[in-house]
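Trainee: I would like to learn how to read strands and chain contacts in a model like this one. Please take the features one at a time.

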Amino acid sequence: MAIKIGIDIGSTTVKVVLLDDNNTLLYRSYTRHYSKVREVAAEQLRVVADRLRGQDVVPLITGSAGLGVSKASEVAFVQEVFATAAAVNTYIPDTDAVIELGGEDAKIIFFGGTLEERMNGSCAGGTGSFIDQMATLLDVSALELNELALRHEKIYPIASRCGVFAKSDIQPLLNQGGRKEDIAASIFQAVVDQTVGGLTQGRELTGKIVFLGGPLTFLQGLRDRFVETLELDAEHAVFPENADCFAAIGAALCTGGVEAMPFGELLRRLEEAADESGLTDTLPPLFAKKADVEAFQARHAKATPEPVDANAYRGDAYLGIDAGSTTTKMALITPDGGILYSYYGSNKGNPVTILLAELRNLYAFCGDRITIRASAVTGYGEDLIKSAFSIDLGLVETIAHYRAARHFNPDVDFIIDIGGQDMKCFKIRNGAVDSILLNEACSSGCGSFIETFSKALGHDIADFSQLGLLDQTPTNLGSRCTVFMNSSVKQAQKEGAGVESISAGLSLSVVKNAIYKVIRAASADDLGKHIVVQGGTFLNDAVLRGFEQEIGREVTRPTIAGLMGAYGAALSARDMTGETGRLLDAAALGNFSHTARPSVCNACTNRCSLTINTFDGDRRFISGNRCSVPLGGAKGGEPNLMRYKYEKIRVMTGKGAGDGSRGKIGIPLGLNMYENLPFWFEFFTKLNFEVVLSPESTRALYQKGQRSIPSDTVCYPAKMLHGHVEHLIDAGVDTIFYPCMAYNFDEGKGDNHYNCPVVAYYPELLRVNMSRLQQVRYIDAYFGLHRPKDLERIAGAFFAAEFGVPARETAAAIRAGYAAYERFRQEARDEADRYIQYAREHGKRILVVAGRPYHIDPEINHGLDELIGSYGLVLVTEDSIDHLVPKAKRKILNQWTYHARMYDAARYVATQPDMQLLQLVSFGCGLDAISTDEMRDILEATGKLYTQIKIDDISNLGTVKIRIRSLIAAADALDGKVML
Amino acid sequence: MAKLTYDAHGRLLFTKEMKEEYTLLMPQMLPVTFSMMKRLLELEGYKVELLDTTHRGIIETGLKYVHNDTCYPALLVIGQLIEAINSGKYDTNKIALFMSQTGGGCRASNYIHLLRKALQKAGLQHIPVISLNLSGMEKNPGFSINLRLVRRLVPAMVYGDLIVHLANQCRPYEVERGATDALAAVWTERLVAGFAKNRGRSKREMRVIMAQIAAEFAAIELSGEQKTRIGVVGEIYVKFAPLGNNNLEDFLLSEGCEPVVPGLTDFMLFKIDNRIEDINLYGGSWLKKKLCQVFLWYVAGLQQCMIDAVKTQPKFHGLASFAEIKAGVKGYLGYGNKMGEGWLLTGEMIELIHSGVTNIVCTQPFGCLPNHVSGKGMIRKLKDDFPASNIVTIDYDPGATRINQENRIKLMLASAGRGV
């Protein structure tokens, strides 16, 4: 009989298995293909050629990258989930569910009852590649990551939805001295949360669960996380032998009906397919010929610091350090800017250790020739490093970069810096930073991203970028986020694109991402006339060339592009006034010690995960905090209208002025309720209902409801509601009121007064996805608060039918509700007036936080309001000042009530010199694609800064700090308070 | 170039003078129906060009001029229009852009404004943009929807749905390749010629003509066994436009399936019905409600002609009426769920399942807000209520790769083949 061959070609590996008639496994192999999909598949078959020559075989291909090979070679194909199910049914028949993690796919198959399969959507990263990427970040292999995880003590919350988000959670942990062991385990936990939360979509994961795929075969630490999270015992958690090859085995099992062919024929077909290359989507080459590359490189070699003989120099020097997200940079300069000593290296997950060694080298280099007069530090790790080594000055990155850029091009009017993890662009007007654009967590196609790919494809980053320079057919990989890029690369590989074309394509993707997504520029003139590009990523000539090509203009790239932050810091150190020279001396460095200990702050409900760093046994630095309380500061801080509003809303629970005789009404506090609760609370208590409000949002509450979330790309505020409703049911409330609100209050400010589709209809989604709601009376009826008179009539009929409330009583309660709501709004406005007056009397800046009402929820804004207060800013909200300008027509359709408020608030801020605005945007909020551009237009038209913060379930505030500090620094510069 | 005049809010108007000189560029969505629409506009004296371009440059242009988080249809449509303007094929002083606009709480109602922003960004703000809508938004002196045009466009839409419905059932099985599309082309010609003489618009005429269309499609020689029927529902643009869904219908055909795509008429009825339900839920003008009911009755009547015509040929699968779809959605969503495709999307899935099409692709742009609820949000209940249902949701996006989408569809097809 013919031998059955299953070939599973996944996104990163090729698996080949041979089965005999009795389905006994004769042979198996598991090989990484490094994007040479077809070649490696053929190669793997040649390994068994001796054994099979002259025999008939029945082959079947499966796997996400197998489809293309199957088409080209005319060997039959079976979808991999289907194949896996076949294998499980054969070998482990009483299975209830399978969890399979592959390179880029995560799948769950439910057996028992109806068979259901789930695959991760296009925006989901909890997979093997994600683990690889995270391991790279920690500078370990995936197996070493596993070793680390086994020794963990605590788990940090890490965003699990997408690799990019997770990365921005992990980076600060590393930079703040978090233990690698704990971070490793937290990464695995994130994968578990993503799989369980993202894929079960309401179906329970119970019974006997089989774990499959490479990562779950090799990584004990990951297995442990799954077993612990799902509370499985040894009997119910099955890790079968050959779990990494199950899909291939399944394919071999599915060969019934496939025509047999001689082995030689199969090999021939695959080999011929391997030679085929059909590229459909390519871009123009970076360079046509070698001479062009040379001319280009010569031109850029000119922008370089003043030459200095570093080994002979005697005298004063200034030190700048840039503790970036993935790399640490250091520059020691002479008073006129010559570089005496520099360092650029990966921080290998521990910037303190790296810098300690480098500072020791530096002192050895200086000897008694050179005296370090002052030092400054910038970057993600600024606070930690400043405290560790007693640096004189800490400065925000944007300012450091501008200082450096100005040194090379005094007329600079636009700077773009692409580093490992983030991208910063700023315009310079009249010698001040005028507008700052930072990439969002979701668009960070930056330097570390190319690096991760180069490693995955088996290349060193330096060679990898050079490979693409002379490629004539760069692959068009699109310009979206890393997760999408993974599958674009996969597709290109499938189509046979070479490493050269992928290298060039990746570089061009970074460029397009920067220009179109981050900067949102349509032409070179949107940027500026004197553009300076910097950051380690621009040392990659392919990126530099791509950038010039795309904007059609020559730019300045200093030869020290990777050191610009450190260089700018050194320049600032040189120019600083006040006490300097505090940097630890050589002797102190000799005795330096550092320990980091995780901790949780219990001062408020934020429960910040703290890392307590201790240096030399007595100097402490605490990181991870939002406010100054854990550092010994007082509670309270600056006036904060978000906190004021939140506290007012939270107490709207209980019987109010009524007697509660009509029973209890449970209200989940989320989305539209943050706006409407003052209305409904008054309404219900007036009717003698007792209102039971769901508790404060927390991560734990979110996780409680996570399993019933059907769409993983909906915004975090919406996802939170599942937990709130779960809690109300647990609390024994028998009636839950959460009405659909297609319309908001009609404030007469825009063209219409809608809510967004999610706010409007989420109650209906909860009804059909949370089966426990069937146990209670759940009211998700439609009410229109925009038509008060009609509401009296319509609600009257509704509450008469539902609760037997006389219509007249309902009508009166409706009127009382409107009055209470108006009172609530007015009190907030009055409070804001007091805050503004206070700010003006004390010469403080006022920050208007413009978002949606539910952004005052501390779990949703992650305590960002406290952070703002800690910078000495007085905080008011958009809905407390929007009434101060008259209605005006906008160029876009101004049809959402919350948008109209934001536009008006921005228009008001534009007239107030001491006010700045910060817009909060939830990840996944499609409507804000419209509002953000409009807000930017309103503010920038009057010379104001526009700052946006995108928030999600990530709790790291690192990028938020940079934005807020940049905003303050830029505003100071505009006011002439600080001379740069 | 005509003289540029603006309304009180600074919106560039399409003037009578422009009507004489300018060519209207119009993005493609539903090939059969839109090609008829184009011809009907030409009968009104407009010069119209339907953009059938599909290359990657459209997406690149879209990314350049539209906020990248905006939904994919806006990015494509605006990209397609600007790319056409920049192609050098047209005198940029003699073109106007033509775009349909829906009202309502979905961001789709802002496409036209985003298009104007994009034009501004591209330095093309002298090109007027015309909104085609049912809400009376944005009037233009040089463009008006008169009763005659309505009485041509609405029947044309229903004819279009009929042709698409029948053609989808013939194409996978046709013996002579291309016979189905050829017949569809013949009929669009004949229908337009009829409209030019004001024929084919009344219900009486439509019954006759539609029965004839059904008979002619029934006469196409077909072969082979019944293929798996796959329903396609979703956000209106990515559901219909091949540019938006990476040629989903072709892919399904190549996989040996028969695509079943609910038509445009239900969407129009849905939008009219929303106005009536709004008044039921929140109160409002009695007269407005009455007018909407009359319009609904008119369009539903035309739809009934189509349903009856399909019935005359037993070899074809039939169609449900709007009222039946609406009744089916009870217990899932309220009739107030009107943003985007609202309850209609769920209703179409239920109707497909009822008619035996249990395998469904639900398409949406990545991050589509209404579909969180009415698409993805309803699938669990559908699975509970109809265990045989096999629905895959596919997100479309400039960065989403075809391989990823096709792999997920293949998973759904593998389950379909197994007859879950």
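Mentor: Start with strand E3 (residues 95-100) of chain B: five of its six residues are buried, so the strand is largely enclosed by the rest of the structure. Buried means that 20 or more other C-beta atoms, placed from the backbone, lie within 10 Å of the residue's own. Strands are DSSP runs of type E with at least two residues, and helices are H or I runs of at least four, numbered from the N terminus. The model is predicted: local features need pLDDT of at least 70, side-chain atom pairs count only at pLDDT 80 or more, and totals for chains, interfaces and linings use all residues. Residues are numbered from 1 along each chain as its sequence is written, and chains are lettered from A in the order in which they are written.

Trainee: In which sense does E3(B) pair with E4(B)?

Mentor: Two strands pair if DSSP finds at least two bridges between them. E3(B) and strand E4 (residues 129-132) of chain B are parallel, with four bridges; B:Ser100 stands opposite B:Leu132. Strand E1 (residues 23-27) of chain B also pairs with E3(B) in the parallel sense, over three bridges, and B:Leu24 has B:Ala96 as its bridge partner.

Trainee: How many residues of chain B are in contact with chain A?

Mentor: Contact means C-beta atoms, placed from the backbone, within 7 Å. By that criterion, 59 residues of chain B touch 62 residues of chain A. H17(B) gives the largest share of the chain B side, ten residues.

Notes: Contact = placed C-beta atoms within 7 Å. Buried ≥ 20, exposed ≤ 12 C-beta atoms within 10 Å, placed from the backbone.
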